[in-house]
Amino acid sequence: MAALLEINRLTMRFSATEVVHDLSLAIEERTTLGLVGESGSGKSVTALAITRLLDHRAQMTGAIRYAGQDLLSLDSEAMRRLRGKEIAMVFQEPMTALNPVMPIGEQIAEAVRVHHPEQSRKAVRDAVIEAMHAVALPEPARRYNDYPHQFSGGQRQRILIAMAIVNRPRLLIADEPTTALDVTVQRQILELLADLKERFGLTMLFISHDLAVVSQVSDRVAVMRRGLLLEEASRAAIFRTPMHAYTRALLGAAPTMETPLDSPLATLDFRGDDARIPLREMADGHWARVAETV
Amino acid sequence: MSFSGWGLVYRSQWNREKTEGAFISIVDSQGNSRYETLNYLQMHYFLRQQLKTQPLAALGLCLIGTFLLAGAFAPWISPSNPSAIDLPHRLAAPSAMHWLGADELGRDIFSRLIYGARLSLTVAFSVVACSLVLGTTIGGIAGLYGGVLDMMLNVLVMNAFLSLPGILLAISFVAFLGPGLINLILALSIGGWVGYARLVRAQVLAVREREFVEAARALGASDLRIFFRHILPNIVQPLIVQSAIGMAGAVLAEATLSFLGLGVPPPTPSWGAMLNDARSHLFDAPHLVIFPALAVMFCVLAFNFIGDALRDYLDPRTRMSVGL
């Protein structure tokens, strides 16, 4: 299968600080790549780099190829036409990512109108209501004119997802879509995303700091830390045979059924300098940044 | 927690059948603000409460309403033609025939005040509209794009205009292009837009960093669309307040220019021009001065009352942070 999105040796810096170093990733069509990392690992800026929402602030080298075209060399008007139509994004904070003074139906409709200005009022409304249905928002027609503050956090996240999928994008970038939600709602949102992926044949880049969340939706998992890709493998390989010490530490930080009740929760105490170690294919499709001797 | 202010009612979609609709912003004692939905009856309750606790706003609204009606229906209301000369009654004191007296040509002062309201309000609304459009455009560009463009517009253009007294700018503009209604409006707008531009710029700088703007950008919205559909509705509150207070300034500025003979040329009645005509009769016929002066004063006061009240309604925190 061909890769829909291919990041090739991407390096990003904000003035003097390098935030992503020599990152290469590929996502095949109709699969999900989970990108895991702690705060400051460069996972979110990678997402913003793909949609080129960082344009004026960051210097970038390398290439980001989407369906054959290099996004970094695309002119900004062509990029704007891709955003929201082919490449859609779901943001982290459902509380702040919605405009407080615009009815939610209108906000979802924005996504349609931006790319299909020729559509009639009714066609837009129908598309919006269909998207609201798809994300299982109750009573779409009645709640079309309600404002964001009249919805709960989980419902707002559904609205954000509806905004992202209303144009049937090929690539969906979900940047910590469940971090601001409680665990029950988190589960519902993850199920929704998995369902939408099946139904619409989405390719997904799922970003999270939570390995457990990533494991529920991803086909492949990539682990990042301090702008470096440490390990990338299929979900099964990451969980069964983690090669990098950091990945193991991440896995160990989550309590399991076997963790003794009275032992303190594990904290992540990992220090390592991996910049010098090259990323190598250790097993079939399993890349890791580990020393030769493993 | 206490109710401390009225929030934005952006679209009047509430009605008697639908219980949800308009909403208000509530600020609790910790300074956290949140939105609360109001139904139709609650809306009216709060509106009445607010008018009760803000008697000056109610007064201002009544005054402006009166001026507006007077201006709009001037030909039907005024007891006589404002330009009709009646020399036998020149400088007449207020009487049954001339309610507020007559000026040095015997023209009825009450009628001239009514027609003057028409001019003053036309100028005030036009000046504020022009300034608002110009200021929002330039301030919006500066705030949205930032960087070098912002430097040019903010530091060079806006500061240059701010360093010149607005009234002086207006005087020289009219002196160059000659008096007239359009020139008067343009002259006053030229000094007036800077305030709006600065306000819009500052507000845009704050709002454009909010996540929903980034989300709109991620949808593929163009800059123009982001500005008009997403940013502008979020900054409209301070603009409304500034506009109301700007009206007062415009009324005053129009009177000033007319007083100096740079307003709309006679015989069009104007409060400022009436004051100028009355100068030489300050002691022998004081009513010639008092009534136009009162008209200007009440009009300016009314707009200021409304502006202040709107500030309270729309953002209760402003007053606290400004220390009023």
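Student: In which loop is Pro267(B) found?
Tutor: This is a predicted model, where local features need pLDDT of at least 70, side-chain atom pairs count only at pLDDT 80 or more, and totals for chains, interfaces and linings use all residues. Residues are numbered from 1 along each chain as its sequence is written, chains are lettered from A and ligands numbered from 1 in written order, and side-chain values use heavy atoms, without hydrogens and water. Helices (DSSP runs of H or I, at least four residues) and strands (E, at least two) are numbered from the N terminus. Pro267(B) is found in the loop between H9 and helix H10 (271-278) of chain B.

Student: What is phi of Ser15(A)?
Tutor: Ser15(A) is found in the loop between strand E1 (3-14) and strand E2 (17-28) of chain A. This residue is not a glycine, yet its phi is positive. The value is near 40 degrees.

Student: Are H9(B) and H11(B) roughly parallel or antiparallel?
Tutor: H9 (residues 223-259) and H11 (residues 287-314) of chain B have axes that come within 8 Å and cross at roughly 170 degrees. Angles over 145 degrees count as roughly antiparallel. The two helices are therefore roughly antiparallel.

Student: How many nonpolar residues are in the contact of H9(B) with H11(B)?
Tutor: Contact means heavy atoms within 4.5 Å. Among the residues that meet are Ile240(B), Ala244(B) and Val251(B) in H9(B), and Val300(B), Phe303(B) and Arg311(B) in H11(B). Ala, Val, Leu, Ile, Met, Phe, Trp, Tyr, Cys and Pro count as nonpolar, Asp, Glu, Lys and Arg as charged, the others, with Gly, as polar. With three polar and two charged residues, the nonpolar count is 15.

Student: How are H3(A) and H4(A) set, roughly parallel or perpendicular?
Tutor: H3 (residues 104-115) and H4 (residues 121-134) of chain A have axes 9 Å apart and pack at an angle of about 115 degrees. Angles of 65 to 115 degrees count as roughly perpendicular. H3(A) and H4(A) are therefore roughly perpendicular.

Student: Which residues of H4(A) meet H3(A)?
Tutor: On the H3(A) side, Ile104(A), Gly105(A) and Arg113(A) are among those taking part. By class, this contact has seven nonpolar, one polar and one charged residues. From H4(A) come Val124(A), Val128(A) and Met132(A).

Technical notes. Axes are lines fitted to C-alpha atoms, for helices over the stretch in contact, and angles run from 0 to 180 degrees between N-to-C directions. Angles under 35 degrees count as roughly parallel, over 145 as roughly antiparallel, 65 to 115 as roughly perpendicular and the rest as oblique.
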